[in-house]
Amino acid sequence: QLQFVESGGGLVQSGESLRLSCVVSGGIMSRYSMSWFRQAPGKERDLVASIGWTGGETYYADWVKGRFTVSRKNTENAIYLQMNDLSPEDTGIYYCNVDQTRAFGPVSTPLAHAFRSWGQGTQVVVSS
């Protein structure tokens, strides 16, 4: 079973940046699409961004396009999320996960409820 350790969150002001990291252990993640999710206070967990197994394909939710950049480093079993120009609407707990439904496939856009295992997440709070 995969284990996830997310880090890099914090309290920042509007307009500032954060870089989130997630290290995966317990399995091979390099052949699968990976994603970042965000759970805002009182809301469901939603997809933020995904990256294909090669790193060459990406997907972004509309509300982060142009501000967030997802990347991965397979040799370190890691995925990253560079978040720029943050706003209070970005506040929430950020989680990563690995879509193991298809190896060596295109970037995926999974729903959060498709996953059974999650890490603790990393909290991002953006003040105005």
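Both Arg-67 and Asp-90 are buried, and the two residues form a salt bridge in which the closest N and O atoms are 2.8 Å apart. This pair connects distant parts of the chain, with Arg-67 in the loop between β6 (58-60) and β7 (68-73) and Asp-90 in the loop between β8 and β9, 23 residues apart. The model is a predicted one. The points below cover its salt bridges, aromatic contacts, nonpolar core and backbone features.

**Salt bridges**

- The structure contains three salt bridges, one of which is the pair of Arg-67 and Asp-90.
- Side chains of opposite charge can pair when their charged atoms come close.
- Lys-65 and Asp-62 are joined by a salt bridge between their side chains, with an N to O distance of 3.1 Å.
- Asp-62 has a relative accessibility of 64% and therefore counts as exposed, the cut-off being over 50%.
- A salt bridge also brings together the side chains of Glu-76 and Lys-73, at 3.4 Å from N to O.
- Glu-76 is partly exposed, with a relative accessible area of 41%, and Lys-73 is likewise partly exposed, with 39%.

**Aromatic pairs and cluster**

- The count of aromatic pairs comes to six.
- Phe-37 and Trp-118 make an edge-to-face pair, with 5.2 Å from centre to centre and 85° between the planes.
- This pair also links distant parts of the chain: Phe-37 belongs to strand β4 (residues 33-39), Trp-118 lies in the loop between β9 and β10, and 81 residues separate them.
- Phe-37 is buried, with a relative accessible area of 0%, whereas Trp-118 is partly exposed, with 24%.
- The ring centres of Trp-63 and Phe-68 are 6.1 Å apart and the ring planes stand at 70°, so this pair is edge-to-face.
- Trp-63 is partly exposed, with a relative accessible area of 31%, while Phe-68 counts as buried at 3% relative accessibility.
- One aromatic cluster is formed by Phe-37, Tyr-95, Phe-115 and Trp-118.

**Charges over rings**

- The charged end of Arg-45 sits over the ring of Trp-118, at 4.4 Å from the ring centre.

**Nonpolar core**

- The largest nonpolar core has 27 residues.
- Within this core, the residues with the most contacts are Trp-36, Leu-81, Met-83 and Tyr-94.
- At least two residues of the core come from each of the strands β3, β4, β5 (45-51), β7, β8, β9 and β10.
- Strand β3 gives the most to the core, with four residues.

- Ser-21 is located in strand β3 (residues 18-25).
- With a relative accessible area of 18%, Ser-21 is buried, because this value is under 20%.
- Leaving aside residues up to four places away in sequence, Ser-21 touches Val-5, Glu-6, Ser-7, Trp-36, Ile-79 and Tyr-80.

**Backbone: positive phi values**

- Most residues other than glycine have a negative phi.
- Asp-85 has a phi near 50°, which is a positive value in a residue other than glycine.
- At 47% relative accessibility, Asp-85 counts as partly exposed.
- Phe-104, also a residue other than glycine, has a positive phi near 55°.
- The place of Phe-104 is in the loop between β9 and β10 (122-127), and Trp-118 too is in the loop between β9 and β10.
- Phe-104 counts as exposed, because its relative accessibility of 51% is over the cut-off of 50%.

Notes
Residues numbered from 1 in each chain as written. Predicted model: local features only at pLDDT ≥ 70, side-chain atom pairs only at ≥ 80, totals over all residues. Heavy atoms only, no water. Buried < 20%, exposed > 50% of the residue type's maximum accessible area, 1.4 Å probe, protein only. Salt bridge = Lys/Arg side-chain N within 4 Å of Asp/Glu carboxyl O. Contact = heavy atoms within 4.5 Å. Phe/Tyr/Trp six-rings, centres within 6.5 Å; stacked < 30°, edge-to-face > 60°. Lys NZ or Arg CZ within 6 Å of the ring centre and 35° of its normal. Core = buried A, V, L, I, M, F, W, Y, C linked by side-chain atoms within 4.5 Å.
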